[in-house]
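Try each task before you read its solution.

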Amino acid sequence: MPADQLVQNLESALSMVPLIDAHSHIDPLSPVSKSLDDILGYHYYTELAHSAGMPQTLLAKDADPRDRVREIVRFMDRYDNTAQYGWFLDIARAFLGFEDGRKLVPADADRLFDVAAKTFAQPDWEAQVFAKSRLEKVFLTNEFDDPLKGFDTAKYVPCLRTDALVFHLDRPDTRRRLEAISGVHVRDGATLRMALARVFVHFTRNGAKACAISLPPNFHPAKFDDEHFYEQMQFHGFQDLAPGVFWLIAEYCRDFKLPFDLMIGVNRRVYDKGVYQGQDLFDQRTSLVQYKDLFNAFPDVTFPVSVLTSAQNQELVAHSWIFPNVLPNGHWWYSNTPPYIRKDLTERLTAVPKTKLIGYYSDAYKLEFVKPKYGMYRRILAHVLADEYVRPGALSETDAVALGTRLLRDNVKEVFKV
Amino acid sequence: MPADQLVQNLESALSMVPLIDAHSHIDPLSPVSKSLDDILGYHYYTELAHSAGMPQTLLAKDADPRDRVREIVRFMDRYDNTAQYGWFLDIARAFLGFEDGRKLVPADADRLFDVAAKTFAQPDWEAQVFAKSRLEKVFLTNEFDDPLKGFDTAKYVPCLRTDALVFHLDRPDTRRRLEAISGVHVRDGATLRMALARVFVHFTRNGAKACAISLPPNFHPAKFDDEHFYEQMQFHGFQDLAPGVFWLIAEYCRDFKLPFDLMIGVNRRVYDKGVYQGQDLFDQRTSLVQYKDLFNAFPDVTFPVSVLTSAQNQELVAHSWIFPNVLPNGHWWYSNTPPYIRKDLTERLTAVPKTKLIGYYSDAYKLEFVKPKYGMYRRILAHVLADEYVRPGALSETDAVALGTRLLRDNVKEVFKV
Amino acid sequence: MPADQLVQNLESALSMVPLIDAHSHIDPLSPVSKSLDDILGYHYYTELAHSAGMPQTLLAKDADPRDRVREIVRFMDRYDNTAQYGWFLDIARAFLGFEDGRKLVPADADRLFDVAAKTFAQPDWEAQVFAKSRLEKVFLTNEFDDPLKGFDTAKYVPCLRTDALVFHLDRPDTRRRLEAISGVHVRDGATLRMALARVFVHFTRNGAKACAISLPPNFHPAKFDDEHFYEQMQFHGFQDLAPGVFWLIAEYCRDFKLPFDLMIGVNRRVYDKGVYQGQDLFDQRTSLVQYKDLFNAFPDVTFPVSVLTSAQNQELVAHSWIFPNVLPNGHWWYSNTPPYIRKDLTERLTAVPKTKLIGYYSDAYKLEFVKPKYGMYRRILAHVLADEYVRPGALSETDAVALGTRLLRDNVKEVFKV
């Protein structure tokens, strides 16, 4: 069988697997795009276009959406080499009738804009996207005070995002919001625990299946005692509590039996004039050793870990290889392009128990991105399965598909109990 | 010639090369397994099984070996994607008559246990393993007070392991052991030098061909003066002497003409409830620049260097490229899986003089692991030689085999003078 | 079409692209080699030969060039596995009539030495090398007080190298040289600015198209105020001014509209007894986050960035992906061997706008090295284009060649305005 045929067979079989997408930023009240502007306003396009020279003028809130789309498309011939461009082409082909093999040119912007408007306006568009993407469920990213109302939590799975609680408790607004959702006025460790408990009750009663947080490269979790909480809250404006609040949240993940997704490595606002959501970067000098105490202290909490840099993947592989509660999770952001996915996936597959590998998540803001992103992942997965298992004779094609299915779906079901 | 045929030819030719294994933990008084429990009790299996969910109950010393083997095999379908599982399958096939192409299932545990008991009980089993592995010599890891008696040092080559001397001299037990083997009561720099000299005499008279040590990521060697040794020994309980004791050992490596194997990067006991030997990890934030003074001060000492993380491989390549006394050595532990070996080997081969590349060592605790581990390495080596040299027309097949042989055998002979 | 045919087609098409080499150490008054000693005296050969055991005796200035060449060639069978050896073989074949397929042996040294002497003595040798390499222009590395006279700046493009100004202003000799070229006696911030302005005028009037600097791993640029300059200059012997002088140079790059090449990561004189230019290494623990303030403060300065370690490539990719003024530049020194180029190039191509990718530069000291180094790069580029774009159906062969041409030539023209 020719090499490509094998990869095609595997990819084709894997594309039949119904998806449970374990991390996204989908708004369940507005899950699909309403216009092409929702697609091309995604930071992957605005930041690449801007990086390639596009002024930010048309990115203003009040700019005309059609003009903005024209402008972003006009710059595409400067970044049509990228994986992110590939996602857009997939969307245009799969959802907007853009012909296979045709080159995208600036003149296409208007036609695609109009087709998108019509297509996305169909009353069953959301259902169509679910069907065309073979999407079964998608995890959300919910602020701690999200009412979690008005959507089907069997399809849109709530996930408690805790960045604000951990890193912005020094902002009066965060504390007001916490008091509003929990009914507790936080002034010391005990009241903070109570407030957090109420948040966890609210989320788990509404079908939450995970807790999540993104963390800077220099973060060290630490257990704080009540005196320290009291001191900082009473006399230091709730400053510098992040390590200890994080620790309390881990305790509630244990008590409420929620996996705790750690997304490690992001430095916020490095490029301060960058486009919206295109300002964050990282520092490769970070280590999972910073989480040593956490992983030891919470053997009963499952930690699906995403690392922002591919260089840290070996630390993630090694930790997942010996710690039962550490699991590699997806391919995040700056590591979500083919060369990094290929490398990191291969490293994980050959050294971490297969039952612990959460293959992928979309991180999408609009449902239309689930299909192209998973499509990219499945192509790479098919290649890796072919090269590392089928061709060397370690697995049959059928068994390789089963292994791929485990990464795509089975482990998500088992780890998050969905 | 089809691509695969070339790789097969190379692999087949390389598999004829008699091996000199430059680093292992073989006990020369009990070099082969006595039961399947000796094979599956290897930390690579206990830690993967535990990481995949196996309770540690049956890992207790007094647990029934057959039950333990059953349990570890029962969990294999959770980690049968790993390279480590592949080694076991190779052992089962090569030594225990397990049929090619058959899938391993829990029910096989008992049959394999019985076959192993019978096979390993053969009086010439050790010789059989040597022959089937084409193994000529294997280096040991000997504690500094090992009597080095009762085995053939031409086959089992002693290697002075110095971790305890460097890192645990503050333990009274280490000092008692040092006094017992050297006849010297250490109380200052001078007596420490005398004691170490006696240890080196003991080892070199008994055929030792290398000195070795494993080092944490933050280690900096340093030359201590006698006043500092005196001070620390007399008033601070032999604390914090590691950099200076290490330096003295390097001096004796120079005087006794022993290569000094540095195994860089391990943090001990990170996962404190991990299985036996499955508790250590690393911190990617380390640099060979920490060894700058050492490499400059000892131009006559050969330093075969192993790095625990693949990210540090480029530092190793660059240091080996300009320092005559720095050599890349094997693929260690968390970097001993196919993706890391492939990457690190390719990087080394294209930039470091071939006469300096010590290709591989088994790190094995039982001789049965030499064959599958070297088998994995040779497959990768054959691929790399094919892709980087034969297919681009840089080397003929014959010359590629010669290059591979150099990595597998010639350099070990020349560097360690065996 | 067979896989290799596609790669050959691409490589062959790319080899027709006229080169503009954006970074070299060519001496425009002596751009080509005069003897084989000029070729093999290149640090890549002396350091590999020395690293493989060659004594440094024949590297002395007054040693006989023919003897030196013999010695370096004699050691080649210890490092003929390296990419660097491959460059020499290319030179021998392309310029010295060495037959394809023949093995190089020590006895060839004399014959090649004689052929080289004769070949390089041809009056039009420089023009021949330009033609055979399809070289159009090559950037120089000029000390700040270079008179920039006696050569054609359309062919040899001046580039202001600022290492001495930034890192050695505490040396009286540097300040004397600065006074001599600028006519300004530096004693505070104002006079330093004036002196630097004169240097920039001198360079831009003489056709300079870039400013450049190499930086240690721990470097942080910083803006110094005039009081700080005054203090350090008057009372501390011009010590510790590097971050601030660097910042001033960035200001003049902005004012004089010169791209500022940053070559990040080198530690000088790590191996203090190393061969000439073979003493420098690096520390992988560095981050582009150190340049955050710089990249934000100078949106109008283009920073083509080279990183010394492949591990830092992801930081470079991510910064180039969001910062309009950060561009990945070539494959530098210890990262200029095939495995690193392949990895780093693939990572860049799939995530950074193609108009920002400066594919390669030779870093050569003699023009004869442009051809083999670019040859190596084009082979890898052809493979990457085939694997990532043509075979998956994303680009036609013609479009892939256009993409490659952009990296090889178009972007150099646009970024440096040559």
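**Exercise 1.** Does A:Lys257 count as buried or exposed? Work out the answer, then look at its backbone.

*Solution.* Keep in mind that this is a predicted model. Start with the cut-off: exposed means over 50% relative accessible area. A:Lys257 comes in at 68% relative accessibility, so it counts as exposed. Next, find its place in the chain: A:Lys257 sits in the loop between helix H12 (242-255) and strand S6 (260-264) of chain A. Last, check phi: it is positive at about 55°, although A:Lys257 is not a glycine.

**Exercise 2.** Now do the loop between helix H7 (125-132) and strand S2 (135-139) of chain B: find B:Arg134 there and describe it.

*Solution.* Backbone first: B:Arg134 is not a glycine, yet has a positive phi of about 50°. Then accessibility: with a relative accessible area of 37%, B:Arg134 is partly exposed.

**Exercise 3.** Describe where chain B meets chain A, going from overall numbers down to residues.

*Solution.* Count the contacts: 41 residues of chain B touch 36 residues of chain A. For area, the two chains bury about 3,000 Å² between them, with 55% of it on carbon and sulfur atoms. Now the charges: three salt bridges turn up across the interface. One of them pairs A:Asp399 with B:Lys103, whose closest N and O atoms are 2.9 Å apart. Polar contacts come to 25 residue pairs. On the side of chain B that touches chain A, H3(B) gives the most, with five residues. Sorted by class, that side has 16 nonpolar, 13 polar and 12 charged residues.

Note on methods:
Residues numbered from 1 in each chain as written. Chains lettered and ligands numbered in written order. Predicted model: local features only at pLDDT ≥ 70, side-chain atom pairs only at ≥ 80, totals over all residues. Heavy atoms only, no water. Helix = DSSP H or I, 4+ residues; strand = E, 2+ residues; numbered from the N terminus. Buried < 20%, exposed > 50% of the residue type's maximum accessible area, 1.4 Å probe, protein only. Contact = heavy atoms within 4.5 Å. Buried area = accessible area lost by both parts, 1.4 Å probe. Salt bridge = Lys/Arg side-chain N within 4 Å of Asp/Glu carboxyl O. Polar contact = N/O pair within 3.5 Å; in protein donor to acceptor, adjacent residues only side chain to side chain. Nonpolar A, V, L, I, M, F, W, Y, C, P; charged D, E, K, R; others polar.
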